[in-house]
Amino acid sequence: MTEVVIEPFRPELAETFKNLNVEWLQKYFVVEPHDEELLQKCEETIIKKGGFIFFAMVNNKAVGTFAFIKLENKIFELGKMAVSPEYQGLKIGQKLLDFAIYFAEKHHWKKIILYSNTKLENAIYLYRKYGFTEIDLEKNTPYQRSNIKMELVL
């Protein structure tokens, strides 16, 4: 089994964060303006606004990532989760999700929400497996591709 270590954001990984996400967004959808904003200047748009970015590292190489985007006190959006195609199938997404939930619980957050698309069947399956439930999707979602909103109450 490949050893995966979850590490927090470092400025030198900002480009990797962007690239991992652009790769899957372009494969399934398009990079939307809100994505651009978050990915181009992730330190300003996520970290400095009270959010977090983490990386799944294999042999000191970032092969997966996710962000917690602060929405309000103790409520965060789980977003920008991506795993490099050559590392998919190794349960790295599950390790990232395990860590994300552990991190949120450790910080006594109220809930985690996420936006996704039902086209991403494996992701939706994984979110449900971890206890996320579908909730109403607002009219003006941050992402045009979103057709499902889920939450995990902690």
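Hi everyone. A quick definition before we start: two strands count as paired when DSSP finds at least two bridges between them. Keep that in mind, please, while we look at one spot in this predicted model.

The spot is Ile75, whose bridge partner in β5 is Lys111. Now step back to the two strands around that bridge. Strand β4 covers residues 75-83 and strand β5 covers residues 111-116; the two run parallel, and three bridges join them.

Next, the whole sheet. In what order do the seven strands lie in the sheet? The order is β1-β2-β3-β4-β5-β7-β6, in an open sheet with mixed pairing. Look at the two ends of that order. β1 (5-8) and β6 (133-135) are the edge strands, and each has a single partner, so one side of each has no neighbour in the sheet. From one strand to the next, the twist averages 30 degrees.

Reading from the N terminus, the elements go β-α-α-α-β-β-β-α-β-α-β-β.

Now to the helices, and α5 in particular. Helix α5 is made of residues 121-129, and it lies across β4, β5, β6 and β7. Against β7 (148-153), helix α5 runs at about 25 degrees.

Helix α5 also packs with helix α4, residues 92-106. For α4 and α5, the angle is about 40 degrees and the axes are 11 Å apart. The crossing of this pair is right-handed. Which residues of α4 and α5 meet? On the α4 side they are Gly93, Gln94 and Leu97, and on the α5 side Leu126, Tyr127 and Lys129.

Let me finish with the protein as a whole. Its C-alpha atoms fill a box of roughly 40 × 30 × 30 Å along the principal axes. The radius of gyration is 14 Å, which agrees with a compact globule, because 154 residues packed that way would give a value near 15 Å. Of the 154 residues, 49% are buried. The exposed surface comes to about 8,500 Å², with carbon and sulfur atoms supplying 49% of that area. And if you take contacts between residues at least 6 apart in sequence, 62% of them join residues at least 24 apart.

Key
Residues numbered from 1 in each chain as written. Predicted model: local features only at pLDDT ≥ 70, side-chain atom pairs only at ≥ 80, totals over all residues. Heavy atoms only, no water. Helix = DSSP H or I, 4+ residues; strand = E, 2+ residues; numbered from the N terminus. Axes fitted to C-alpha atoms, helices over the stretch in contact; angles between N-to-C directions. Contact = heavy atoms within 4.5 Å. Rg over C-alpha atoms; globule rule 2.2 N^0.38 Å. Buried < 20%, exposed > 50% of the residue type's maximum accessible area, 1.4 Å probe, protein only. Areas by Shrake-Rupley, 256 points an atom, 1.4 Å probe, with all protein chains shown as cover. Left-handed = near helix turned anticlockwise from the far one by under 90°.
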